[in-house]
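Let's take a friendly walk through a protein model together. Have a look at the picture first, and then read on.

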Amino acid sequence: DGLQRVEEELAAERRRAAAAIARLSERRDSAVDALEARLLELGLQLERSAMAQADAAAALERAQASAARCEASMLQRVEAAEEAGRRAAAAEEQLRCARAAVEGAEAA
């Protein structure tokens with residue numbers, strides 16, 4: 001009778017242990033699933049971030065190229081304006097000379 005009761009208690013303890021192991025196994029599986037989902041989410045975020053970074057780098061390259069073209073165009077305009085200023089100064093000098101010649105001719 002005592003031996004049978006010990007065996008029953010032992011069997012009950014084994015069932016409780018098996019149930020506890022099953023619960024722990026379910027928790028572990030659930031935690032693993034959650035971790036896998038989180039890793040997948042982080043991987044997707046990383047991929048989107050890398051694509052955004054590549055897009056930003058391409059946009060920066062385009063902006064730099066545009067700025068270089070704008071600078072070159074502005075330099076050409078400055079050079080053209082300087083040349084026009086030199087021509088205007090030369091024309092003014094020719095006009096002064098012509099007026100001086102006319103005044104000299106009228107005085108004579």
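For counting charges, Asp and Glu are negative, while Lys and Arg are positive. Keep in mind as you read that this is a predicted model.

With that in hand, look for Asp1, Glu7, Glu8 and Glu9, which gather on the surface as a patch of negative charge. One member, Asp1, sits in the segment before helix H1, and that helix covers residues 2-107. Is Asp1 buried or exposed? Asp1 has a relative accessible area of 85%, and exposed means over 50%, so Asp1 is exposed.

## The overall shape

How many helices and strands does the protein chain have? The answer is 1 helix and 0 strands. The box tells us about the dimensions: taken along the principal axes, the C-alpha atoms fill roughly 155 × 15 × 10 Å.

Arg96 and Glu7 are 89 residues apart in sequence, and their C-alpha atoms are 130 Å apart in space. Glu7 belongs to the negative patch we met above, while Arg96 lies in helix H1. Arg96 counts as partly exposed, at 47% relative accessibility.

## Surface and charge

What share of the 108 residues is buried? Buried residues make up 1% of them. The accessible surface of the protein chain comes to about 9500 Å², and carbon and sulfur atoms account for 59% of it.

Now for the charges of the whole chain.

## Salt bridges along the helix

Across the whole structure, a search finds 6 salt bridges. One of them joins the side chains of Glu13 and Arg16, with 2.5 Å from N to O. These two residues are 3 residues apart in helix H1, which means that about one helical turn separates Glu13 from Arg16. Glu13 is partly exposed, with a relative accessible area of 43%.

Another salt bridge brings together the side chains of Glu41 and Arg38, at 2.9 Å from N to O. Glu41 and Arg38 are 3 residues apart in helix H1, so they too are separated by about one helical turn. Glu41 has a relative accessible area of 37% and is partly exposed; Arg38 is partly exposed as well, with 40%.

Which residue's side chain meets that of Arg87 in a salt bridge? The partner is Glu83, at 3.4 Å from N to O. Arg87 and Glu83 are 4 residues apart in helix H1, so about one helical turn lies between them. Salt bridges that share partners join Glu83, Arg86 and Arg87 into one network.

Methods
Residues numbered from 1 in each chain as written. Predicted model: local features only at pLDDT ≥ 70, side-chain atom pairs only at ≥ 80, totals over all residues. Heavy atoms only, no water. Patch = residues over 30% accessible without salt bridge, like charges linked within 9 Å, V, L, I, M, F, W, Y side chains within 5 Å. Areas by Shrake-Rupley, 256 points an atom, 1.4 Å probe, with all protein chains shown as cover. Salt bridge = Lys/Arg side-chain N within 4 Å of Asp/Glu carboxyl O. Charge placed at Lys NZ, Arg CZ, Asp CG, Glu CD. Buried < 20%, exposed > 50% of the residue type's maximum accessible area, 1.4 Å probe, protein only.
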